[in-house]
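Student: Could we go through this model together, with the cut-offs spelled out as we go?

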Amino acid sequence: MSGEALYERYKEALRRGHVAALRGRLEEALTAYAEAAAIAPERSTPHTSAGTALLRSKRAADALHHYTVALGLSARDEAAILGRAQALADLDRRSEAADAFDALAEARAAAGNLADAVDAARRSLELAERRDRRRTLERLIRRLRESEPAAPGRIALEHALLVLHGEAVVQDVSGEAAQAPAPGASPSVARPGAGPAAVADDGPAVVEVDLGEPVERAPEPPPPVRYRRALDRDLDPDVKASTLAIRAEEAVDVGDAGPAVERLLDLAAAHRRDGHIDGALDACYLALSVAPDDTGIHLALVELYDERGWAALATEKLDLVGMLASLGGGAEAIGRIAAARGDRA
């Protein structure tokens, strides 16, 4: 068989593995990845892909084996470096995991991927506090700030600041640093007629009314806008997740972000309906790779984190997306985030 024909067989086996993994069919995915590895034993991708599928299925020890094989074939396989670090963390081998994230941060910074480097350094510090790790994270944060990052970089920056200081710092429209209010805190309200630095601190204002004069009633406020939850989708009750997965794959392949995100959120909703939270999370993560700034995807993850029992992670996600929305996300995004907070209250 010609080299070109073998390469096509290799690509087809990888494709089958990816599709099976997306649909939650782990054993089918592993079989396809093993076939790809047999066709091209010098390539690391089949082992990395198998490790990722196993890690998502909570089989960290098996995943670690595949990542180790992948790195033996390609020491610069960044996906394998990241997967190995995550697998070590899942196995509670915290010191080794932190070292792995250190190496990942260094490699990403050298490649100019500052947002990802900050994220890796932050994970390392979370796993094992050390003074040199704190200094590294502070240095990378400075570099990322100076690069004027887009939304994914700002998310990485906010995560890192939360770890460093236990609080988030955002930039106001003038470029000055401003302390973000603590979650659930009420913003200060300026006194009427006071200067910009004056804030109300005397409790509710008291309005004096002359009872001898008729008082004009203020108009009734409009009814509040009702926002649906991110995963409240209009799905046909009989539609199967496998059918939605095919539709999502087609939209992703076309490269049109809008329809791809909608179909992936439909897929996430179907997986949740069927009790497959891992499948729903995978669909949302894939949607984020298509549209990292989409508020609906982040809110869908908040819902799934809550259902998984990851309340702290859900709160952190909601706080971060709220901060980004306040920097220019628009009224609808801010309203959806406020509604999500109300649902969780």
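This is a predicted model: local features need pLDDT of at least 70, side-chain atom pairs count only at pLDDT 80 or more; totals for chains, interfaces and linings use all residues.

Student: What percentage of the residues in the protein chain is buried?

Tutor: Buried means under 20% relative accessible area, exposed over 50%, and partly exposed in between, with a 1.4 Å probe and protein chains only. Of the 345 residues in the protein chain, the buried share is 38%.

Student: Which residues have the most contacts inside the largest nonpolar core?

Tutor: A nonpolar core is a set of buried Ala, Val, Leu, Ile, Met, Phe, Trp, Tyr and Cys residues joined through side-chain atoms within 4.5 Å. The largest one has 49 residues. Those with the most contacts inside this core are Val-118, Leu-137 and Ile-141.

Student: Leaving aside neighbours within four places in sequence, which residues is Ile-141 in contact with?

Tutor: Contact means heavy atoms within 4.5 Å. With neighbours within four places in sequence set aside, the partners of Ile-141 are Val-118, Leu-157, Ala-160, Leu-161 and Leu-164.

Student: Why does the pair of Tyr-7 and Tyr-10 count as stacked?

Tutor: Rings of Phe, Tyr and Trp (its six-membered ring) pair if their centres lie within 6.5 Å; planes under 30 degrees apart count as stacked, over 60 as edge-to-face and the rest as tilted. This rule gives 2 aromatic pairs. For Tyr-7 and Tyr-10 the ring centres are 6.1 Å apart and the planes are at 25°, so the pair is stacked.

Student: Is Tyr-10 buried or exposed?

Tutor: Tyr-7 and Tyr-10 both lie in helix H1 (residues 3-22), 3 residues apart, about one turn of the helix. Tyr-7 counts as partly exposed because its relative accessibility is 38%. Tyr-10 has a relative accessible area of 4%, so Tyr-10 is buried.

Student: What kind of pair do Tyr-305 and Trp-310 form?

Tutor: Tyr-305 is buried at 7% relative accessibility, whereas Trp-310 is partly exposed at 31%. Their ring centres lie 5.7 Å apart with the planes at 45°, so the pair is tilted.

Student: Which residues lie nearest the centre of the largest pocket?

Tutor: On a 1 Å grid over the protein atoms alone, a cavity is a set of points where a 1.4 Å probe fits but cannot get out, and a pocket is an open set with protein on both sides within 12 Å along at least five of seven lines; lining residues have an atom within 4 Å of a point. The largest pocket has a volume of about 2400 Å³, where a volume is the space filled by probe spheres set on the points, and grid points are joined across faces, edges and corners. Among its 50 lining residues, those nearest the centre are Leu-82, Gln-86, Arg-123, Tyr-285 and Tyr-305.

Student: Which helix gives the largest share of the lining of the largest pocket?

Tutor: By class, this lining has 26 nonpolar, 9 polar and 15 charged residues. Here Ala, Val, Leu, Ile, Met, Phe, Trp, Tyr, Cys and Pro count as nonpolar, Asp, Glu, Lys and Arg as charged, and the others, Gly among them, as polar. The largest share, 8 residues, comes from helix H7 (residues 114-127).

Student: What is the volume of the largest cavity?

Tutor: A search of the whole structure finds 2 cavities of 30 Å³ or more. The lining of the largest cavity divides into 6 nonpolar, no polar and 7 charged residues, and H15 gives the largest share, 5 residues. Its volume is about 140 Å³.

Student: Which residues line the second largest cavity?

Tutor: This cavity holds about 40 Å³ of space. H14 supplies the largest share of its lining, 4 residues. The lining consists of Ile-155, His-159, His-298, Lys-317, Leu-320, Val-321 and Leu-324.

Conventions:
Residues are numbered from 1 along each chain as its sequence is written. Side-chain values use heavy atoms; hydrogens and water are left out. Helices (H or I, at least four residues) and strands (E, at least two) are DSSP runs, numbered from the N terminus.
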